[in-house]
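Here's a quick tour of a protein with a ligand, starting at the ligand and ending at a pair of helices. Have the viewer open as you read.

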Amino acid sequence: NYGIVLDAGSSHTALYIYAWPAEKDNNTGRVEQTHSCKVKGKGISSYASQPWKAGESLTLCMQEAEQKVPNKRHHETPLYLGATAGMRLLNMENSSASDKVFQAVEKALQKFPFSYQGARILSGQEEGAFGWVTVNYLDDLCSCCVLTSMRFLSPSQGLETTGALDLGGASTQISFVSDNYDGSESPSNSVTFRLYGNDYNLYTHSFLCYGKDQVLRLALAQQTQVNFHPCFHPGYTEIKNYSVLYDSPCVSGRKPQGAPENFTLRGNGSFGQCQEIVKSVFNFTSCKYSQCSFNGVFQPLLQGPFGAFSAYYFVMNFLNLTDTSIPLDTVKDKLARYCATPWDEIKLHTGVKLSYLAEYCFSGTYILTLLTEGYNFTSESYSNIKFIKKVSRSYATLFLLHTPQMPHDLSSFPVDH
Ligand SMILES: O=c1[nH]cnc2c1ncn2[C@@H]1O[C@H](COP(=O)(O)OP(=O)(O)O)[C@@H](O)[C@H]1O
């Protein structure tokens with residue numbers, strides 16, 4: 001059997017093909033990712049003003065999928081598109097634009113012979129839950145299991161599950177199972193589902209606007225009137241356009257009156273000062289629950305190991321900081337040294353987009369601040385985090401989109417041991 005998922009993030013869209021053996025009781029019945037294709041361009045939400053292009057952008061990857069899935073399987077192969085925070089923001093800002101993007105996408109996808117199951121925006125809860133399922137289905141985290149999916153037998157057998165930390169461009173998710181959380185305090189953070197015969201009660205929260213690209217906008221928006229920005233390297237200069245910077249519902253309310261067209265961004269590379277700016281995007285003033293992360297959002301006590309993926313991994317891997325056995329203070333020192341490195345030296349790094357190179361100091365600072373100040377990881381619990389290069393969260397999307405409503409009973413999905 002085959003299934004196709006299009007994962008439409010804020011900055012990219014990718015197509016994944018999954019395959020699994022037809023016989024349910026075959027104990028090698030794992031779902032494998034057999035093919036992936038990166039859609040050219042910046043993600044479908046970036047085509048808000050030219051929706052037809054969003055549809056066209058998918059054509060090449062869809063043609064590849066037609067080649068890869070055997071002809072006789074085409075008609076029974078489900079095809080899904082799940083869009084995340086980029087489309088959530090576009091929908092908030094201009095719902096007719098996001099409708100048009102979806103119409104164009106549907107029109108393009110329906111031309112293909114697959115069993116089209118619809119395109120929709122995933123809720124933050126779903127996105128958090130998919131990340132968690134994916135992390136718990138990964139081979140490299142499950143050294144003791146013969147079959148990876150056996151990991152899902154673990155709670156009843158006294159083994160722990162792994163929490164999921166997902167950092168996107170527009171939103172960020174935290175999801176974990178905690179003994180202190182039964183879903184009664186802040187039920188909107190609870191997702192319950194049945195997977196491989198076990199019931200899970202997951203804590204999950206998605207912070208819209210706390211993806212790294214949106215927080216960077218906030219951090220820039222606060223500093224347009226000052227001479228130097230500490231989150232950029234000494235010697236870095238860039239002309240920034242005000243309208244482009246404020247063109248997002250995450251920052252639009254903060255646009256100063258009578259702002260000029262452009263401003264010049266100049267870096268001075270100070271981790272400490274950058275961290276102060278980043279801290280100011282979190283609100284810690286009120287919490288109506290027993291405990292909160294930030295912005296008044298309930299969070300139970302952190303528990304167990306965590307897998308941190310997507311932009312967490314891209315950034316920490318680039319910075320050579322994925323080893324969490326290094327003391328947190330040393331990690332901060334290394335990042336401080338990196339931020340203070342002159343741009344002339346940084347830009348010599350080959351094979352990495354200049355726009356990414358310019359932002360790693362900010363992104364590393366945001367990641368450490370989000371983990372410690374935002375989610376309350378301490379010097380001790382930091383080492384429970386593993387930065388992982390994950391296949392893709394759409395792995396789990398395929399599972400969960402099979403059932404339209406939360407809570408999910410996934411016990412009938414292919415790999416049910
Ligand atoms: O090689 C890289 N280095 C740094 N950041 C990267 C790299 N590849 C992707 N990213 C960033 O990872 C993030 C991926 O976010 P995604 O598109 O999944 O957003 P969403 O889930 O919030 O909609 C974006 O901020 C993107 O710029």
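## Around the ligand

A quick word on terms: a residue is near a molecule if its C-beta atom, placed from the backbone, lies within 6 Å of it. Keep in mind, too, that this is a predicted model.

With that in hand, there are 19 residues around the ligand, and Gly9, Ser10, Gly168, Gly169 and Ala311 come nearest. By type, the shell splits into 11 polar, 6 nonpolar and 2 charged residues. Three helices each put at least two residues into this shell: H3 (85-93), H6 (212-221) and H9 (311-318). H9 gives the largest share, with 3 residues.

## H8 against H12

Now for a helix pair. Packed helices are described by the angle and the distance between their axes. For H8 (residues 271-279) and H12 (residues 354-374), the axes come within 9 Å and cross at roughly 60°. That makes H8 oblique to H12, and the crossing is right-handed.

On the H8 side, Phe271, Cys274, Gln275, Val278 and Lys279 make the contact. They meet Cys361, Phe362, Thr365, Tyr366, Thr369 and Glu373 of H12. Sorted by type, the residues of this contact come out as 6 nonpolar, 3 polar and 2 charged.

How values were computed:
Residues are numbered from 1 along each chain as its sequence is written. This is a predicted model: local features need pLDDT of at least 70, side-chain atom pairs count only at pLDDT 80 or more; totals for chains, interfaces and linings use all residues. Helices (H or I, at least four residues) and strands (E, at least two) are DSSP runs, numbered from the N terminus. Ala, Val, Leu, Ile, Met, Phe, Trp, Tyr, Cys and Pro count as nonpolar, Asp, Glu, Lys and Arg as charged, and the others, Gly among them, as polar. Axes are lines fitted to C-alpha atoms, for helices over the stretch in contact, and angles run from 0 to 180 degrees between N-to-C directions. Angles under 35 degrees count as roughly parallel, over 145 as roughly antiparallel, 65 to 115 as roughly perpendicular and the rest as oblique. A crossing is left-handed if the near helix is turned anticlockwise from the far one by less than a right angle, and right-handed if clockwise. Two residues are in contact if their C-beta atoms, placed from the backbone, lie within 7 Å.
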